[in-house]
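Let's take a friendly tour of one protein model, stopping at a few rings, helices and loops. Keep the 3D view open while you read.

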Amino acid sequence: MRHYLDHAATTPLRPEARDAWLAASELVGNASSTHGAGQDARRLLEDSRERVAAVLDADPIEVVFTSGGTESINLALQGLWHARAAGTDGIVLPDAEHHATMDTVAALAAEGAAVRAVPVQSDGRIAASDFAERLPGAALATALVANNEVGTINDAASLAMVSASAGVPLHLDAVAALGHVPLSFRGLRGAADAGSGLVALSAAGHKIGAPVGVGALVVARTANLTALLRGGAQQRGLRAGTQDVAGTAAFATAIELAEREREAESARLAALRDRLVAGIRSRVSAAVLLGDPHARLPGNAHLLFPGAVGESMLFLLDVAGVAASTGSACQAGVAEPSHVVIAMGRGEQDARSVLRFTLGRTSTDADVDAVLAVIADAYSRASGSGTGARS
Ligand SMILES: Cc1ncc(COP(=O)(O)O)c(C=O)c1O
């Protein structure tokens, strides 16, 4: 039997989302066509937009559907940079962001953007004061609502507030937080002036039980953003291209269900996660929980196994039927040390000795038991010499 503890990488498709996708896929019309078939598709698309907007507490017109988190982040960061106000310069970038953000900003730096790096604390948190210090005169700022690797939940309201005070547009990456942390675009935006404070928020469907390939960027009406894709005038001209009606119907269904279940599911997952962490630490006394122990995503258990090779433990767990991760999935094929763990002040060795277990909707006690049954053996084989570790 296989045990899936990598819900932060992607989640199982919800049956209701699949049903919504299948039903919508029967429609033939292009949502931009004026004939009846097109208008049927349009109605369903706009209904999905309204449902997503309702969950995120935004105006429907602010919801720009994309192909997922990476596209949303690229649209936000490249779009804000290319439309930046005259006289502004620099991008405020915390050190522990997702690679979609780090690499997009690196590309903009190659175009001449100055990076204003913000250190994170030892638990992965972004201090609003450190963030605020780097804001004056910046063209834009970005931050994670919750860290996808170590699970620490940031104080997004404070980050939005200091950005609004400094008159800087802020993008929030809510991909890992979606479905676990209450999100109100309107609330986080507050009374910020046009074009400053929270102006864009990224989300991805496949982290909450929708299919891979659909997501959204919530873009404030007053934001100044240049489109990445050129073509048709769909979605306020911010995202040209025929819209994925079926994908958005599935996304709307999944996000509503995730929100409806959020509180009860958070409590259930936190209890399972706490049992997992306590069980691991009783079997591997050297193991250390990284990230904020309290303000963390309910399904996230991120542990340092001192002296072990994380990739080797991952392999040994996989052989035993347990799917986990050493960090974000985008890095998993490449055995790099985690930049997040390094940003938290640990050395390269530690950054190669971490494992992330993430629980979700389908997780059960049996998944926790499966990890606990093999973790001590995996640790001893993956540490020291002659370990049976993958070379
Ligand atoms: C915090 C965060 N941002 C962005 C992404 C990228 O999203 P996607 O996989 O939908 O492109 C991920 C995915 O792991 C993530 O966890």
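## Loops, rings and helices

At 26% relative accessibility, D57 counts as partly exposed, because that value falls between the 20% and 50% cut-offs. Keep in mind that this model is predicted. You'll find D57 in the loop between α2 (36-56) and β2. Its phi is near 55 degrees, a positive value in a residue that isn't glycine. What makes that worth a look? Most residues other than glycine have a negative phi.

R236 is another such case: although not a glycine, R236 has a positive phi of about 60 degrees. This residue sits in the loop between β8 (215-219) and α8, and at 33% relative accessibility R236 counts as partly exposed.

Now for the rings. How many aromatic pairs are there? The count comes to two. A pair of aromatic rings is described by the distance of the centres and the angle of the planes, so here are those values:

| Pair | Centre to centre | Angle between planes | Kind |
|---|---|---|---|
| F65 and F251 | 6.4 Å | 70 degrees | edge-to-face |
| F305 and Y379 | 5.9 Å | 45 degrees | tilted |

Start with F65 and F251. F65 lies in strand β2 (residues 63-66) and F251 in helix α8 (residues 245-283), so this pair ties together parts that are 186 residues apart in sequence. Buried or exposed? F65 is buried, with a relative accessible area of 4%, and F251 is buried too, at 0%.

Next come F305 and Y379. F305 belongs to the loop between β10 (300-304) and α9 (310-319), while Y379 is part of helix α13 (residues 365-382), so the pair links parts 74 residues apart in sequence. F305 counts as buried at 0% relative accessibility, and Y379 counts as buried at 16%, because buried means under 20%.

One more ring deserves a stop. The charged end of R84 sits over the ring of W81, 3.8 Å from the ring's centre.

Finally, zoom in on α8 and α13. How do these two helices run relative to each other? Their axes come within 9 Å and cross at roughly 15 degrees, which makes α8 roughly parallel to α13. The crossing is right-handed. Want to see where they touch? On the α8 side, the residues in contact include L272, L276 and I280. On the α13 side, look for V368, L372 and I375, among others.

How values were computed. Residues numbered from 1 in each chain as written. Predicted model: local features only at pLDDT ≥ 70, side-chain atom pairs only at ≥ 80, totals over all residues. Heavy atoms only, no water. Phe/Tyr/Trp six-rings, centres within 6.5 Å; stacked < 30°, edge-to-face > 60°. Helix = DSSP H or I, 4+ residues; strand = E, 2+ residues; numbered from the N terminus. Buried < 20%, exposed > 50% of the residue type's maximum accessible area, 1.4 Å probe, protein only. Lys NZ or Arg CZ within 6 Å of the ring centre and 35° of its normal. Axes fitted to C-alpha atoms, helices over the stretch in contact; angles between N-to-C directions. Parallel < 35°, antiparallel > 145°, perpendicular 65-115°, else oblique. Left-handed = near helix turned anticlockwise from the far one by under 90°. Contact = heavy atoms within 4.5 Å.
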